[in-house]
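Student: Please take a close look at one single part of this structure. Then set that part against the rest of the chain.

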Amino acid sequence: MSYEYQKLQHRAEVAEHEIKLIEDKLHYLRTELSKNIDDVELPSHTSVAGLPDELAQLITENIKLKMRLGVLKRFICPVLQAAEDEGKSGKRKVEFQEPVAGSSILSALQKYFEAAINRAYPDLPDAPVVVAVSGKFGDYQCNSAMPIAQLLKAKGEKSNPREVAQKLMDAVPPFSWVQKLDIAGPGFINITLNRSIGHKALNEIVLNGVKPPVVDRKLTIVCDFPSPNIAKDLHVGHLRASIIGESTCRLLEFLGHNVLRISHLGDWGTQFGMLIAHLQDKFPDYETKSPPIGDLQMFYKESKKRFDEDEVFKKRAYESVVKLQSYDPVYQKAWKLICDVSKKEFQKVFERLDVKAEDVGESFYQSRMEQVVKDLEEKGLLEDDDGRKVMFGRADRIPFTIVKSDGGFTYDTSDMATIQYRINELKAEWIIYVVDAGQSTHFEVLEACAVKAGIMDPEKVRLDHVQFGVVLGEDKKKFKTRSGETVKLVALLDEGLKRAGDKLKERGRDEALTAEEFKIAQEAIAYGCIKYADLSHNRVHEYVFSFDKMLEDKGNTAVYLLYMLTRIRSIARLAGHTPESLKEAAKSTPISLDHEKEWNLAKVLLRFTETLEKIARDLYLHHLCEYLYEVSTAFSEFYDSCYCVEKDAAGTIKKIHIGRLLLCEATAMIMEQCFSILSIRTVSKM
C-alpha cells in the first residue's frame, strides 16, 4: 500500500477508536439516565439542547466522526481489499519500483521507505511512513523509527529508535535518486539526494515543459464560484471567491481532472418580484424598447425602498413572483432583461480578472426543487414547523427549510436540488463550494441532509467547502468605503490600475516601455498584486487590504516576483539566447549543478510536484505562493554567487555558461507555471 493509503488507514483507525470511546461514554450515560438513547425519538419541536449538555455533545460528535470515517473508508477500502486478497493468494508485496524523472521526490521517498519497513518489519503492517523535507542535515528526513519503536514496545518487543533506523537502512531497496543515508539523534534518517536526478528532471523540463504530478484517477469535479446575485454589484467578497475559485480550478485542471466551473447565480426569489414590478412602473414600454438600466444596484435600492414602504407595491411584488415562477411569458421577459443587464456587468469584471465560470442560476433548478420536495416527503424526511416543512440532517437539529410557510422555496431547497443534479446528472465525484466562512454551518448541514436523503454517498463523492475569511481595511475593520458602504469590485480594480501605473511611472518605465508594453505591465501588476495578496494568505484567515503593501517591490509580493521572473528571462535574452535556442542546447549540454547554490536552487525546483500534491489534498493555495517565493529567494542566492554571463571591464561578453542559462530557463518555466495556476499574468518587460 502507498503512503497516502497507509496514512488514510491510520486516520480511519483513529476515527474508529474515537467513535468507540464516545460510544462507551454514551453507554455510561444511558445507564446513568436509565434510558436507552437508541430508542429515543425526538419530537419535531425538541432540539438536542433539551438533553443533558454532555449527552447532546457526544451524539453530535459521534455522527460527525461516523461521516468522517465514511469518507476515509471511501479511499482506503479498495486498497485494503486488494491487500487482503493478495494475502489470501499468497502473493508477495510488490517491490519498490524506481519512478521516472520529474516525479514527486517526497512521494518516491515515502514509497522507498515503505518498502524498507515492509522488508524489515513484515509483521508490522500499520507502521507509519514519515518523510519530510529537511535541508539542515540532509535533503529529506525519514522520522519513522521512533513510532515504529513504540509499536514494537506495545507488542512486547524490546528495541530503540536507533536500532530501528539501522534496520531500515539495511533493508532499503536500490534507488538511484538517493546518494547516501545516515542516522542522526534518536533514529532520524537523513537522506542526501543524488544530483543526477536534478540533471534528469530539470533537463526534461527545458526539453518538454513543466509536467504535473501523476494522479491515481482523473475525477469529474464541480467547482461552485463566484456565484453573485443578479441586480447587485460585485463587491470585495466576490473578489475572494473569484480569485480562490479560479486558481483552484486551474490547479485541478493542470493535474488532469475534468473540472466543471459553475457560477450559481442568485436569479430567483422574492427580490425579482419587486424588481419586475418596479421595471413595469418605471419603464412601461420595456417589452418593445430596451430600458436604460445602467446602474442596477441603484435600481435594486429603489425597488427595495418601495417594497419596504408601500404595501400595495409589496402585494404586487409577491404576485409578480408567483407569475414569474409560473412561467408567465410577460414576467419571464422582464426577468430575463434584468438578468442579461446584470450578467453583462459581471462579465466585464470577470474578464479583467481572467475568471471563467458557466452561469447556472437558481431558476434552472425550479422543477428539480419541486421533485426534491416530493422525494423528501415520500421518504418521510420532512417535518412540520409552524407551517414550514423542514429537514434535520444532524443531531443538533439545525433545520434545513425546504418549503416556507407560504409554499415558496428557499436557498436550502435550491442547494438540495443543486447537489442532486451535480451528483446524478453531471456525475460529479468531487464538489467544491468556494464560499465565505460564514456559510460553513450551512454546508455542513447540506452535506448531512444530502447523505441522510440518499442523494450523496460520502464513500463515492467528496465535498469540500473552500471557505475564506473577510477582507479588512487598514483600520482592521471590515473593508468598506469611507461612507460605510461595501466596496464595489470594479472601483477596487480601477484604483489598483491607477496605483500600478503611478508606480511604474515613478521608476521611469513609461519612458523605457512602449505604450502597449506599459499597458500590459500595468494590468499585470495591478490585477496580479491584488490576486497574490489574497492567495498568499491562509484563506481561512482575515487579511488587511493595503495597496501600499501589495505594490512593494521587495518581499513576498507579486511585484517582486514578477520583477524576478522578467530579470531571469532577460539574462538569456542579453546573452543572445531564446527559449528555443536553450531547448536545442539542452539536447547536448547538461544543466550545471556543481556549485552549492546551483544545487540548492535545483532542489527547490524539484519540489514543485510535491507542492502541487499537497495543495490538491487540502486546497490551501498559499502553499504555492510560499513555494514561489522560495524559488525566487533560491534563485537570488544562486545568481549572486554564480555568473551566468562573464564580461570584461568594457562590458564585452567573454564567456556564456550555457549550463547555468539552462538552470535559469528551468526556473523561469516553473515560475511561469506557478503564476499560471495563480491566474497571474506574466510580462517580458516591466
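Tutor: Residues are numbered from 1 along each chain as its sequence is written, and side-chain values use heavy atoms, with hydrogens and water left out.

The phi of Ser679 is positive, near 60°, although the residue is not a glycine. Ser679 counts as buried because its relative accessibility is 5%; buried means under 20% relative accessible area, exposed over 50%, and partly exposed in between (1.4 Å probe, protein chains only). Asp386 is also a non-glycine residue with a positive phi, of about 55°, and lies in the loop between β8 (383–385) and β9 (388–392). Asp386 has a relative accessibility of 74% and therefore counts as exposed.

Another backbone feature is the cis peptide bond that joins Phe225 and Pro226, with omega about -20°. Pro226 belongs to the loop between β5 (220–224) and α7.

Helix α20 (residues 579–585) contains Leu582, which counts as buried because its relative accessibility is 0%. Leaving out residues up to four places away in sequence, Leu582 touches Val206, Ala572, His577, Leu661, Leu662 and Glu665, where contact means heavy atoms within 4.5 Å. Ala572 is 10 residues from Leu582 in sequence, and their C-alpha atoms are 8.6 Å apart.

The second largest pocket has a volume of about 830 Å³. Of its 31 lining residues, Ser227, His238, Val435, Asp436 and Gln439 are the closest to the centre. Two or more lining residues come from each of α7 (236–254), β6 (258–265), α13 (411–424), β11 (430–434) and α14 (440–452), and α7 gives the most, with five. On a 1 Å grid over the protein atoms alone, a pocket is an open set of points with protein on both sides within 12 Å along at least five of seven lines, a cavity is a set where a 1.4 Å probe fits but cannot get out, and lining residues have an atom within 4 Å of a point. Points are joined across faces, edges and corners, and a volume is the space filled by probe spheres set on them.

The whole structure has three cavities of 30 Å³ or more, and the largest cavity holds about 50 Å³. Ile244, Asp534, Leu535, His537, Asn538, Arg539, Tyr620, Leu621 and His622 line the largest cavity.

For the chain overall, there are 24 helices and 16 strands, and 50% of the 686 residues count as buried. Among contacts with a separation of 6 or more, 75% link residues 24 or more positions apart.

The average pLDDT is 88, and 86% of the residues score at least 70; pLDDT is the predictor's confidence in each residue, from 0 to 100. Residues 1–7 have a pLDDT below 50, with 19 contacts in the model beyond near neighbours in sequence. Residues 73–92 also have a pLDDT below 50, with 21 such contacts. Where pLDDT is low, the predicted coordinates should not be read in detail.

Note on methods:
Predicted model: local features only at pLDDT ≥ 70, side-chain atom pairs only at ≥ 80, totals over all residues. Helix = DSSP H or I, 4+ residues; strand = E, 2+ residues; numbered from the N terminus.
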